[in-house]
Amino acid sequence: MAYEHQNSSSPRTSFWKKAWLVVMVLQARLRFFFILALIGAVALSWNSITARWEKWMRPAATVHTENEYYCPMHPQIVREKPGEKCPICGMPLSERKKGEASTEELPRGVLSRVQLTRYREQLAGVETAEVTYRPLIKEIRTVGFIEFDERQLRRISDRVRGRIDKLYVNVTDQMVEAGQDLALLYSPDLAVPVQNLLDARRPEEKELVRKKLRLLGMDDDQIQEIERNGKPVTHVKIRSPIQGHVIRKYALEGDYVNEGDKLYLVAGLSTVWIEAQFYENELAFLRVGQTIRATTPALPNRVFEGKVSFIHPHLDQSTRTLTVRFDIANPHHELRPGMYATVQAMIPATVLEERARRGDEWMPIPIAGAMQSMLASSIPGPAFGFDFFLHAAARGILQQQQAVLAVPGNAVIDTGSRKVVYRQASPGIYEGVEVQLEARCGDYYPLVSGLRAGERVATNGSFLIDAETRLNPATGATYFGASSGPRDTAAATATQSTRLSKNEADRIRMGLARLSAADRRLAEAQEFCPVQQDSRLGSMGPPVKVMILDQPVFLCCEGCQKEAVSHPSQTLGRTEDLKTKGKSPHINGLGKENQP
């Protein structure tokens, strides 16, 4: 029975197994088609999916405030978040409304400001030079021609009618001496005046006849010979009035001549002219009486000195040049008309400056004037006392030696409409300043205005600094304190603090140098800020001077001014303590340890 039961259930079981197998096969195939359909749907809607994903993953919008935060000492430092400090000087940032320009963005006269890291300075090869007094010479070189001095030309003519019996000088270009016989002239018109001279008895009559003979061409030697011999003559010797050479001979032996006929043209060579061509932009540097030097190819080792005697009143329109004439002494007749000459005019820069300002010759500035100018300007120098007056006397001597305030030529950037120099305000910070300059003298420009003695300007790398001021804000992130965002603040602050530790003495010295001599002496005696007592004066730029109860007090920055004025007695007490107490060696950075 059991065997029969098993046989009867077997077909039913196999049916369900087959049905299950069919279902599983259909399910596998449907899953494959479903995956294919899903992939196709994703591919078709991929752009929409990515857009929704970016929308979901986008960070929340930043809430923009109406205020921003900046450093009063370094207005280029601007931040969005409160609570930060200036990465340059470390003082808290001040608050202002966006778009509100700070009144201290750039000092007066400063066109731009840029700050470079130490790495950027070394990469650009930036070098600085001091603006100081130098004896400058403006050199002008040109070519000229040696000409006859027209004042040394003499035309020798006949004064009495007659015949030329003898020509002692019968060759053109022959050299003659003063008083040398040139020609012998026969004239019957001389017989009567000569006889009157012999017959005259009174001195008055004799003198009257002598004058008549002089007018007829006789000199005193011939008249005395007639009086000595007592015989009448009918010949007169024509003699040269000057030393020179015969340029032109007009007559021949045997010619009959009348009164006024030309016989010789003689040129003296004791002085000659050099006529040189100067361009019109060089005429302002020339004046009558100015000394020049000349050399010639024939005598390359000889230097001839002369003076400007005449400046032509009009230009040559074809060459745009003006002819200038120079007088040159030529006692040995070494300079010959027709030679080329190289003319060199050396004009002291002080002459240019004074002539442009007053229109007359340069006059030395006295020592008292030098002292007054040094007091008026913030030029580093010794305090009052013997050293001060010695320094002032040296300044006066420099002025008398024709020294002027000069700027290196490679520090000047000429934009066409203005000339800009980048002044080093403090280590790493450069300010573009417009300057007025005279004509270039060698490697330097005489300074008219824009800078003061003792300030330093960028020389090598000045064009790269100028390019940095024109960069966009993204590139400006290479500066300390750039306004490209707060992400670089920590790194910039760390690097800046390291750099300040190396250059602290230079920073303080440059900050104090921008004060006057009297204020600098007081600031050096105080040395520290009474509000922030660990802040040295000059470390944040020029100290701020305030008057508290009629007493001068120097602060490290303007941020301390409000607190100092609100507590006057406390501020004055701290200031007196700073002046009287001794300073420890590690604090006195400008003392013996860090003195250069």
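## Helix H14 and its buried face

In this predicted model, the buried residues of helix H14 include Thr571, Leu572, Thr575 and Leu578. Viewed along the axis of H14, the buried residues lie within an arc of 120°, and therefore they line one face of the helix. Ser569 and Thr580, on the other side of H14, are exposed.

Several elements contribute to the cover over the buried residues of H14, among them helix H12 (517-526) and helix H13 (561-566). Strand E27 (544-548) and strand E28 (551-555) are also part of that cover.

H14 comprises 13 residues (residues 568-580), which at 1.5 Å a residue should span 18 Å; the C-alpha atoms at its ends are 18 Å apart, so the two values agree.

E23 pairs with strands E22 and E24. Strand E22 (residues 412-414) runs antiparallel to E23, and three bridges join them. Within this pairing, aspartate 414 has lysine 419 of E23 as its bridge partner. Strand E24 (residues 429-437) is likewise antiparallel to E23, with seven bridges between them. Here tyrosine 422 is partnered by glycine 432 of E24.

## The two hairpin turns

Both of these pairings are hairpins. Four residues separate E22 from E23, and glycine 416 in that turn has a positive phi of about 105°. Between E23 and E24 there are two residues, and glycine 428 in that turn has a positive phi of about 90°.

## The chain as a whole

The elements described above belong to a protein chain with 14 helices and 28 strands. The chain contains 596 residues, of which 38% count as buried. Among its contacts with a separation of 6 or more, 68% are between residues 24 or more positions apart.

The protein chain exposes about 34,900 Å².

Definitions and conventions
Residues numbered from 1 in each chain as written. Predicted model: local features only at pLDDT ≥ 70, side-chain atom pairs only at ≥ 80, totals over all residues. Heavy atoms only, no water. Pairing = 2+ DSSP bridges. Buried < 20%, exposed > 50% of the residue type's maximum accessible area, 1.4 Å probe, protein only. Contact = heavy atoms within 4.5 Å. Areas by Shrake-Rupley, 256 points an atom, 1.4 Å probe, with all protein chains shown as cover. Expected span 1.5 Å × (residues − 1). Arc of directions from axis to C-beta.
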